[in-house]
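Student: Before we go through this model, could you show it to me, so that each term we use can be set against a value?

Tutor: Here it is.

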Amino acid sequence: MEGTIRPASSPAEAISAMDHLIATSMIGQQEFARNLGLSVTDLICFAYVLEAGDAPVSAGDLAARAHVTTGAVTGILNRLERGGFVTRQPDPADRRRVRVVAVPAAEERVRAVYEPYYARLAQLFAEYTPDEVAVLSDWFSRAGALAAGYLEESCES
């Protein structure tokens, strides 16, 4: 399909469009979380568990990734476990640590909530050439790394 990039805009216009997307996405995440009976932070932590795949995640890793205290992550894990999203297992290498794994049925519930949205995003990406999608993917990756770096720096001060 022929590319559909619009005429060049200024960085300020691009940042404004990005800000609008982020705000709308935040509202969307709140709705997705609400539909699943979770808070946004709980949903983010569950997403990190899913992202890990077959490698169980430690509670400490979740706390660091979600920028919450280890005490807060305990509450998050309690809610996720009560909701049937995760199970906790002792770490065989260090019994003081807990490893968190996703419950397969919960993964399916979350995918069912997200799939209609992801299908629409796939349709949007189909309007772009592979080279344009590569640029978008590169930008998302680099902007994500920049945001994570900025977050780390700002949390240190």
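Tutor: This is a predicted model, and a definition comes before the helix: the expected span of a helix is 1.5 Å times one less than its number of residues.

Student: How do you know that the length of α1 is close to what is expected?

Tutor: Helix α1, residues 11–36, has 26 residues, and the distance from its first C-alpha to its last is 37 Å, which is close to the 38 Å expected.

Student: Which residues of α1 are buried, and what covers them?

Tutor: Phe32, Ala33 and Leu36 are buried in α1, and the elements that cover the buried residues of this helix include α2 (40–51) and α5 (104–125).

Student: What describes the way in which two helices pack?

Tutor: Two packed helices are described by the distance between their axes together with the angle between those axes. For α1 and α5, the axes come within 10 Å and cross at roughly 145 degrees, and the crossing is right-handed. On the α1 side the contact is made by Ser25, Gln29, Phe32 and Leu36, and on the α5 side by Arg109, Val110, Val113, Tyr114 and Tyr117. Sorted by class, this contact has six nonpolar, two polar and one charged residues.

Student: Why is the pair Glu107 and Arg111 called a salt bridge?

Tutor: The term requires a side-chain nitrogen of Lys or Arg within 4 Å of a carboxyl oxygen of Asp or Glu; the closest N and O atoms of Glu107 and Arg111 are 2.6 Å apart, so the pair meets the definition. The two residues are four apart in helix α5, and are therefore separated by about one helical turn. Glu107 is partly exposed at 25% relative accessibility, and Arg111 is also partly exposed, at 44%.

Tutor: Elsewhere, salt bridges with shared partners join Asp91, Arg97 and Arg99 into one network.

Student: What makes Asp91 count as buried, and is Arg99 buried or partly exposed?

Tutor: Buried means under 20% relative accessible area, and Asp91, at 9%, therefore counts as buried. Arg99 has 24% and is partly exposed. The closest N and O atoms of their salt bridge are 3.8 Å apart.

Student: How do you know that Arg96 is exposed?

Tutor: Exposed means over 50%, and Arg96 has a relative accessible area of 76%, so the term applies. The side chain of Arg96 meets that of Asp94 in a salt bridge of 3.1 Å, N to O. A search of the whole structure finds nine salt bridges.

Conventions
Residues numbered from 1 in each chain as written. Predicted model: local features only at pLDDT ≥ 70, side-chain atom pairs only at ≥ 80, totals over all residues. Heavy atoms only, no water. Buried < 20%, exposed > 50% of the residue type's maximum accessible area, 1.4 Å probe, protein only. Contact = heavy atoms within 4.5 Å. Axes fitted to C-alpha atoms, helices over the stretch in contact; angles between N-to-C directions. Left-handed = near helix turned anticlockwise from the far one by under 90°. Nonpolar A, V, L, I, M, F, W, Y, C, P; charged D, E, K, R; others polar.
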